[in-house]
Amino acid sequence: MEEKKNIPYKIYLEESEMPTQWYNVRADMPTKPAPLLNPATMQPLKAEELEPIFCKELIKQELDNDTKFIDIPDEVLSFYKMYRPSPLVHAEFLEKALGTPAKIFYKFEGNNTSGSHKLNSAIAQVYYAKKQGLKGVTTETGAGQWGTALSMACQYFGLDCQVYMVKCSYEQKPFRREVMRTYGAKVTPSPSNTTEVGRKILAEHPGTTGSLGCAISEAVEAAVTQEGYRYELGSVLNQVLLHQTIIGLEVQKACKKYGIKPDILIGCTGGGSNLGGFATPFIGEMLRGEADYKIIAAEPASCPSFTKGKFAYDFCDTGRICPLAKMYTLGSQFIPSANHAGGLRFHGMSTILSQLYHDGVFECRAVEQTEVFKAAVTFARAEGILPAPESSHAIKIAIDEALKCKETGEEKTIIFNLSGTGYFDLVAYGKYNDGVMTDGIPTENELEQYFAQLPKAE
């Protein structure tokens with residue numbers, strides 16, 4: 001413990017210490033993620049079949065199971081320097097508020113205009129789109145962080161940006177919508193009547209508040225029906241987790257620099273970009289037999305893909321036009337309650353994280369919305385940062401683990417990913433402060449009807 005007394009409150013790496021390569025955990029996985037399937041043939045997708053949807057270079061990254069480190073392009077590194085390396089913060093004030101002997105650290109990814117970690121992949125994806133000579137890109141967004149990040153990246157490289165925003169978030173977070181529009185993006189509430197699949201969803205679910213699965217369907221349709229456009233996704237995909245490993249790689253360097261040895265690593269999970277980017281460099285150490293950590297995924301009880309989902313092939317979108325992925329899923333037709341963690345309202349999970357979870361590499365806990373906001377308020381009052389609802393799921397688990405240390409007297413080191421800020425989530429904080437926030441949790445019977453609709457694929 002003596003060596004930790006000299007650790008600064010905020011640990012900043014030098015610019016020269018920023019990683020210059022992304023880490024591909026699949027290269028170290030003994031069991032690789034199952035391949036994406038063509039929904040028409042139920043056969044593994046070939047690269048050329050993905051080209052109408054994704055950029056060519058991103059397809060290579062998506063399908064690469066063997067290359068352990070992939071160089072970050074100079075143009076992307078140059079952009080990263082606007083806000084990276086991001087700080088690893090020693091949460092001394094939170095420790096004091098909890099009265100715990102645990103040492104708590106958080107990686108702060110909210111120090112950019114998008115307010116979250118999403119910019120790490122957005123700038124990379126738009127770079128490859130620009131390099132390919134495209135006119136623009138389409139995407140979906142839940143809470144709005146991804147849409148904001150992509151609109152910033154598109155403005156930087158001069159591409160058109162079309163965003164389908166989950167309807168409940170579009171209505172709950174008008175200021176996030178306006179940031180996207182300020183950066184030049186066209187923002188449409190989803191499901192909408194601007195696409196064929198959107199009209200179909202509206203007909204089948206009148207008055208629906210939407211979901212990420214709905215928005216994905218619309219964004220993909222918009223991409224494939226416009227010449228010179230491609231679709232870009234902010235989570236779930238292998239390529240996205242790859243780009244986000246800049247987070248975990250920086251944490252590793254900061255820990256090594258100051259002799260910090262983590263015991264517990266925590267990240268929230270909706271589609272996987274947050275936990276995947278933060279934890280997979282450490283998971284790589286575990287897979288190679290170099291270290292051992294307790295890694296915890298924190299997911300919403302309203303959309304419990306890991307803890308209540310099935311490990312099976314399923315469509316990645318509600319409209320069933322996207323490839324099938326083998327993942328932990330609640331069923332592509334599942335539409336979660338309109339909770340305030342919009343970025344975690346996806347029915348499935350990254351194929352990489354799904355395989356690792358299936359193999360028992362990490363655990364997951366589902367937490368209720370009101371408890372999440374209680375933890376968020378505790379953190380905000382102690383550390384002076386208003387956290388995003390998504391990130392607050394990780395905060396909840398970190399506080400739980402720190403309080404366990406208080407009971408046992410153990411001095412464990414806990415690190416979690418504070419992936420974004422909550423300054424555009426004040427409607428949600430208002431409902432919590434007014435005592436009118438509720439918890440919408442799907443029942444087993446409700447989930448069974450969605451599991452019954454899973455496609456027959458092995």
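Two strands count as paired when DSSP finds at least two bridges between them, and the helices (H or I, at least four residues) and strands (E, at least two) are DSSP runs numbered from the N terminus. Okay, housekeeping: this is a predicted model, where local features need pLDDT of at least 70 and side-chain atom pairs count only at pLDDT 80 or more, while totals for chains, interfaces and linings use all residues. Residues are numbered from 1 along each chain as its sequence is written, and side-chain values use heavy atoms, with hydrogens and water left out.

So, the sheet. It's open, with seven strands in the order S1-S4-S5-S15-S10-S11-S14, and the pairing is mixed. S1 (10-11) and S14 (363-367) sit at the edges with a single partner strand each, so one side of each has no neighbour in the sheet. S1 runs antiparallel to S4 (residues 88-90), joined by two bridges; lysine 10 has valine 89 in S4 as its bridge partner.

Now, what packs on this sheet? Helix H16, residues 389-408. H16 touches S5, S10, S11, S14 and S15, contact meaning heavy atoms within 4.5 Å. The direction of H16 makes about 170° with that of S15; axes are lines fitted to C-alpha atoms, for helices over the stretch in contact, and angles run from 0 to 180 degrees between N-to-C directions.

The axes of H5 (residues 119-131) and H11 (residues 238-258) come within 8 Å and cross at roughly 130°. On the H5 side, the contact residues include Ala124 and Tyr128, and H11 brings, among others, His243 and Ile247.
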